[in-house]
Amino acid sequence: MPRALITGINGQDGSYLTELLLDRGYEVHGLVRRVSTLNRSRLDHLYNNPQIYGQRLFLHYGDLDDPTTLRRILVKIEPDELYHLAGQSHVGLSFEIPESTCEMTAMGTLRLLEIMRDLNRPPKLFHAASSEIFGRPEKSPQDELTPFAPVSPYGCAKAFATRMVTIYRETYGLFACNGIMYNHESPRRGENFVTRKICHAAAAIKLGLEKELMLGDLTGRRDWGDARDYVRAMWLTLQHSVAEDFVFATGQLHSVQDVVETAFKTMQLDWQPYVKRDARFIRPAEPLQLVGNAAKARLLLNWEPKTSFSQLISEMTNLELSRLAVQSSKPVGA
Ligand code: GDP
């Protein structure tokens, strides 16, 4: 049975990747941070299944700033594949907490690479890199050869980590790969990311639970895909015969306003009366024209996103509606 270790297993991507790997017959281990409030909600359905938890899924306490524990876990588990997804991933928040963002995202990755370098049988490494490394790029769409030009502390930390993965691959012969991932969303997206925030608000307004939606810049544009397509990309990267970097993107740009329009249309609402601007959500710097060219992944990995932007936003909004309707015990459509 192949064995995988996932950092950031509690996150959106970690939870979908866990499901994918379990489906494919893996034994899955996850690294979780010890915090006072237990956050395992995205894994509860697996954790509470005695056929899975303790049999084929195992969680271990460990932090990216604790290399002794990381080393012990890696030596004990001896994974075949290591998916490194952990890190402070909110761009806006990275301006508020730049040092801890860099500590986790940049130095955390370097620590893992340093440990891997010493192992007798290092695992294959997938590092979840981000389109934020391109920031204000010289060209659009971006591909694996586009120079890095980050504009946020998060982008800068990711640029460091991404380059380190390449350096360790080239210098020490590690099977270490970067997946340069454009934004990817799902019903499990964190609530402070704009798609989830908008889908939640449209559903809550439909049910009469909320009256307005406060947003920052509506003109910001992103290449938004479906997280479930992106975890498949992670797995495919490590099944490829050669360790390489790949861009994973839909190649389609949409604005924050497009998300608003699609979510409110799904709820059969006109968005204008409800959406208000709030300067608190405006970023000090915004990336420009971040849109990816995934031709290399299409060619070598046969990877292609399966869900369209409007399908994704509609699904997210409808699920929020069902979730909120259950919570507030109102029938859907009321
Ligand atoms: P990321 O910054 O690309 O990782 O993803 P986000 O979902 O956090 O933000 C996407 C875009 O939405 C950016 O251009 C933000 O400036 C814009 N945006 C506008 N209003 C909001 C808001 O209220 N919250 C967040 N998170 N983003 C907002």
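Visitor: How many Å apart do the C-alpha centres of domain 1 and domain 2 lie?

Guide: They lie 27 Å apart, in a predicted model where local features need pLDDT of at least 70, side-chain atom pairs count only at pLDDT 80 or more, and totals for chains, interfaces and linings use all residues. Residues are numbered from 1 along each chain as its sequence is written, and side-chain values use heavy atoms, with hydrogens and water left out.

Visitor: Where are the two domains in the chain?

Guide: Domain 1 covers 3-185 + 224-248, while domain 2 covers 194-221 + 252-292 + 311-329; these bounds come from an automatic or database domain assignment.

Visitor: How many residues are in contact between them?

Guide: Counting contact as heavy atoms within 4.5 Å, 21 residues of domain 1 touch 20 residues of domain 2.

Visitor: And what area is buried there?

Guide: About 1,600 Å² is buried between the domains, with carbon and sulfur atoms giving 63%, where buried area is the accessible area (1.4 Å probe) that two parts lose on being put together, summed over both. Arg-136, Glu-185 and Trp-224 supply 37% of what domain 1 buries against domain 2, more than any other three residues.

Visitor: Switching topic, which residue forms a salt bridge with Arg-228?

Guide: That is Glu-315, and the closest N and O atoms of the pair are 2.8 Å apart. A salt bridge here is a side-chain nitrogen of Lys or Arg within 4 Å of a carboxyl oxygen of Asp or Glu, and the count between domain 1 and domain 2 is one.
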